[in-house]
Amino acid sequence: MNRRNLVQSAALTAGATFLVAANAQGTGATGKKHYKVVIQVSDNDAAKWNLVLNNTKNLQEDVGTANVDVEIVAYGPGIGMLKADAPVSNRVSDAVRGGVKVSACENTMRGQKLTKEDMNPAVGYVPSGAAEIMIKQGEGWAYLRP
């Protein structure tokens, strides 16, 4: 085998190994494909939040909770529905208990003079909601904005 054929053969083998590894990373413990979705909510609207919470529940039911990571990221006006006294507070808490990550933007909180004590105790925090969404998309997460 000449040098050129040897290099081509090595490149093909490396490429095939990469594809097998990439496909293996896409499957969960159940052997099914594992999905990741980040959902942006920037509206202070209970109806919109109920839609998002229904979507997350449906996603988990359709593909299996073990087969999907869901993160809801709230910033701007949308952060209002993550307050402890928000009309959807109980549903947000239920979603978190069901495996959904709900993240509040700390930049928005500072801008609106909100503290963690003002917020639903079930939610988590990210420094920047927009950056969190960008990072997740860069990692291959699907993006939804209802």
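Colleague: In which element does Val52 lie, and is this residue buried or exposed?

Modeller: In this predicted model, Val52 belongs to helix α2. A residue is called buried when its relative accessible area is under 20%. Val52 has a relative accessibility of 0%, so the residue counts as buried.

Colleague: Which residues is Val52 in contact with, once its neighbours within four places in sequence are left aside?

Modeller: The contacts of Val52 are then Ile39, Val41, Ile72 and Pro146. Val52 and Gln40 stand 12 residues apart along the chain, and 9.1 Å separates their C-alpha atoms.

Colleague: How should I read the helix itself; what span does α2 reach from its first C-alpha to its last?

Modeller: A helix can be judged against the span expected at 1.5 Å a residue. Helix α2 has 18 residues, 46–63, and reaches 26 Å, close to the 26 Å expected.

Colleague: Which residues of α2 are buried?

Modeller: They are Trp49, Val52, Leu53, Thr56 and Gln60. These residues lie on the same side of α2, because they cover an arc of only 95 degrees around the axis. The face turned away from that buried side carries the exposed residues Ala47, Glu61 and Asp62.

Colleague: What do the buried residues of α2 pack against?

Modeller: Their partners are strands β1 (35–41) and β2 (68–74), together with helix α3 (89–97).

Colleague: Which residue caps the N-terminal end of α2, and which residue follows the helix?

Modeller: The cap is Asp45, with a side-chain oxygen 3.0 Å from the backbone nitrogen of Ala47. After the helix comes Gly64, which has a positive phi, near 95 degrees.

Colleague: Let us apply the reading to α5. Which of its residues are buried?

Modeller: In helix α5 (residues 129–138), the buried residues are Gly129, Glu132, Ile133 and Lys136. Their arc around the axis is only 95 degrees, which puts them on the same side of α5. On the face turned away from the buried side, one finds the exposed residues Met134 and Gly138.

Colleague: Which strands do the buried residues of α5 pack against, and what is found at the start of this helix?

Modeller: The strands are β1, β2, β3 (101–105), β4 (124–126) and β5 (142–144). At the start of α5, Ser128 places a side-chain oxygen within 3.2 Å of the backbone nitrogen of Ala131. Gly140 follows α5, and its phi is positive, near 95 degrees.

Colleague: Where does Asn120 lie, and is it buried or exposed?

Modeller: Asn120 is found in the loop between α4 and β4. With a relative accessible area of 2%, Asn120 is buried. The side chain of Asn120 also makes a polar contact with the side chain of Ser93, at 3.1 Å. Beyond its neighbours within four places in sequence, Asn120 is in contact with several residues, including Leu82, Val92 and Tyr125.

Colleague: What lies over the face of Tyr125, and how many aromatic pairs does the structure hold?

Modeller: In general, a pair of aromatic rings is described by the distance of the centres and the angle of the planes. This structure holds zero aromatic pairs. Over the face of Tyr125 lies Lys116, at 4.6 Å from the ring centre.

Note on methods. Residues numbered from 1 in each chain as written. Predicted model: local features only at pLDDT ≥ 70, side-chain atom pairs only at ≥ 80, totals over all residues. Heavy atoms only, no water. Phe/Tyr/Trp six-rings, centres within 6.5 Å; stacked < 30°, edge-to-face > 60°. Lys NZ or Arg CZ within 6 Å of the ring centre and 35° of its normal. Helix = DSSP H or I, 4+ residues; strand = E, 2+ residues; numbered from the N terminus. Expected span 1.5 Å × (residues − 1). Buried < 20%, exposed > 50% of the residue type's maximum accessible area, 1.4 Å probe, protein only. Arc of directions from axis to C-beta. Contact = heavy atoms within 4.5 Å. Polar contact = N/O pair within 3.5 Å; in protein donor to acceptor, adjacent residues only side chain to side chain.
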